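Let's take a friendly walk through a protein, one part at a time. Keep the picture open while you read.

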Amino acid sequence: MAGQTLAQVHFIDMLPDSIRQDAQVIAAADTLDVFLHLGRVEMGNVLIWSRIDGMEEPLLSNLAYQLHLEGYEGWQMAESVEHKRRLVKDAIKLHFYKGTCYTLKRLFELIDMRGVLTEWWEAPDDPDFHPYEFDIDVDISRPIDEDFYGRTLNLIAALKNLRSHLRRARFFLTSRGKSPYIGGSTLQAQSYTVYPYHTVGGIEPLPAVAHFGGTLITDSTFHAYPLEN
């Protein structure tokens, strides 16, 4: 068996010659080969953290359950496998800082959104801002469904600390892409005609006729820039 891989080894080959020809032993060895094959297939699943980038969604869901990411703590907001991989990778850090502004901001970043929080002490001139209240502005650049707002509010409630209370949440739909190019041009033209000199008194005009023409072309370039915050 030297030089053979695990897939090339059969259980019957590891038995001594004295029992290798027995029909019951052969049947038992063939059955064990099936389980050995299943073990080889599942052996790769033992490596978890080192292969998250290539892990299938069912296994990611199992990790999410173990890491307490299911429900409103992030999993329901993940719309792609890539979002779920990011959440699993950052799960320990998210739980470590749970109840802080960092956790909310970071989780929104992991699912390709942007959350801007304003706490009560950051707006001293607002008389309606009471202690331990906060506002959040959520910048969204992806398609959403009718349940999105409710799921987002539940996410905020699950990750904030118990002392703080959400006063206001605003949602902004933003379309991001390549900068647009807008162009325009104008064309202006004028035509001039010069006729022969005509005298008074019935003298016939000169037979020669001269025509002169001219064209004026103007070109303008316009630049449109995105609105700066």
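A polar contact is a pair of N or O atoms within 3.5 Å, where one must be able to donate a hydrogen and the other to accept it. Keep that in mind for a glutamate below. Please also remember that this is a predicted model.

**The overall layout**

The protein has 7 helices and 5 strands. Going along the sequence, they come in the pattern α-α-α-α-α-α-β-β-α-β-β-β. Of the 229 residues in the protein, 23% are buried. Among contacts with a separation of 6 or more, 54% are between residues 24 or more positions apart.

Find helix α3, which covers residues 57-66. Which of its residues are buried? They are L60, L63 and A64. Looking down the axis of α3, you would see these buried residues fall within an arc of 105 degrees, so they line one face of the helix. P58, Y65 and Q66 lie on the other side of α3 and are exposed. The cover over the buried residues of α3 includes α4, residues 81-89. After α3 comes H68, which has a positive phi, near 60 degrees.

**A buried glutamate**

Now move to E73, in the loop between α3 and α4. Is E73 buried or exposed? Buried means under 20% relative accessible area. E73 has 11% relative accessibility, so it counts as buried. Here the opening definition comes in: the side chain of E73 makes a polar contact with the side chain of H68, at 3.4 Å. Leaving aside neighbours within four places in sequence, E73 is in contact with H68, H95, K98, L107, L155 and A158.

Rolling a probe the size of a water molecule over the atoms shows where empty space is left. How many cavities of 30 Å³ or more does a search of the whole structure find? The search finds 1. The volume of this largest cavity is about 40 Å³.

**A buried serine**

The last stop is S164, in the loop between α7 (148-159) and β3 (165-173). With a relative accessible area of 7%, S164 is buried. Not counting residues up to four places away in sequence, S164 touches Y132 and F134. S164 and G99 are 65 residues apart in sequence, yet their C-alpha atoms are 9.0 Å apart in space.

| Residue | Loop | Relative accessible area |
|---|---|---|
| E73 | between α3 and α4 | 11% |
| S164 | between α7 and β3 | 7% |

To finish, go back to E73 in the picture and look for H68, H95, K98 and L107, which are among its contacts.

Key:
Residues numbered from 1 in each chain as written. Predicted model: local features only at pLDDT ≥ 70, side-chain atom pairs only at ≥ 80, totals over all residues. Heavy atoms only, no water. Buried < 20%, exposed > 50% of the residue type's maximum accessible area, 1.4 Å probe, protein only. Helix = DSSP H or I, 4+ residues; strand = E, 2+ residues; numbered from the N terminus. Arc of directions from axis to C-beta. Contact = heavy atoms within 4.5 Å. 1 Å grid on protein atoms, 1.4 Å probe; cavity = no way out; pocket = protein on both sides within 12 Å on 5 of 7 lines; lining within 4 Å. Points joined across faces, edges and corners; volume = space filled by probe spheres on them.
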